[in-house]
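Please keep the sequence and the model side by side while reading.

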Amino acid sequence: MIRYSGIAGRLALSLLMSSSVFFSQEVWGFDEQHVSALRQGAKEWNRLRKSGEIVSPDLSGAVLRGMNLRGYDFRDADVRGIDAENADISESDFSGASFDNANLFQARAIRTSFVHSSFSGAVLEDAHLSGAD
């Protein structure tokens, strides 16, 4: 695993993570309807999850930089390769989610559940994880 440090490292990482090749629907195949539902807010997203309209969320490769994703039900979601740099995912439930190759640089994940989640190759540098499990 490559470790990035300092300003030059963060710049290199930012260029790598923002590459259209690295984060493209063709490579990761995220579901446009799931991303669209996500942008409607936690209340609507959680309603869709509870009703069974969204069973297995596929957000793989989606660019979610700086978004407020507090209190969402992301259980068993495919979030491989997401770019959630500086996003707020606090108090969300990511139990069983796959964060492989995801960018969570400076993300806020306070009191977030990550039980049985995978993080192979994920960037967690400067992420705020207090109270997360």
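A residue is called buried under 20% relative accessible area, exposed over 50%, and partly exposed in between, using a 1.4 Å probe and protein chains only. The model is predicted, so local features need pLDDT of at least 70 and side-chain atom pairs count only at pLDDT 80 or more, while totals for chains, interfaces and linings use all residues. Numbering starts from 1 along each chain as its sequence is written, and side-chain values use heavy atoms, with hydrogens and water left out.

Begin with D88, which is buried because its relative accessible area is 10%. D88 forms a salt bridge (a side-chain nitrogen of Lys or Arg within 4 Å of a carboxyl oxygen of Asp or Glu) with R70, and the closest N and O atoms are 3.0 Å apart. The two residues link distant parts of the chain, 18 residues apart, both in the segment after α4. R70, with a relative accessible area of 35%, is therefore partly exposed.

Side chains of opposite charge can pair when their charged atoms come close. In the whole structure, eleven salt bridges are found. Another of them joins R49 to D73, with 3.6 Å between the closest N and O atoms. Because R49 lies in helix α4 (residues 42-51) and D73 in the segment after α4, this pair ties together parts that are 24 residues apart in sequence. Helices here are DSSP runs (H or I, at least four residues), numbered from the N terminus. Both R49 and D73 are buried.

E85 and R65 also form a salt bridge, their closest N and O atoms being 3.3 Å apart. Both lie in the segment after α4, so the pair ties together parts that are 20 residues apart in sequence. E85 counts as buried because its relative accessibility is 18%, whereas R65, at 33%, counts as partly exposed.

A cavity is a set of points on a 1 Å grid over the protein atoms alone where a 1.4 Å probe fits but cannot get out, and its lining residues have an atom within 4 Å of a point. One cavity of 30 Å³ or more is found in the whole structure. The largest cavity has a volume of about 40 Å³, the volume being the space filled by probe spheres set on the points, which are joined across faces, edges and corners. Residues lining the largest cavity include L59, F74, I82, A84 and L104. The lining consists of eleven nonpolar residues, with no polar and no charged ones; Ala, Val, Leu, Ile, Met, Phe, Trp, Tyr, Cys and Pro count as nonpolar, Asp, Glu, Lys and Arg as charged, and the others, Gly among them, as polar.

Conventions. On a 1 Å grid over the protein atoms alone, a cavity is a set of points where a 1.4 Å probe fits but cannot get out, and a pocket is an open set with protein on both sides within 12 Å along at least five of seven lines; lining residues have an atom within 4 Å of a point.
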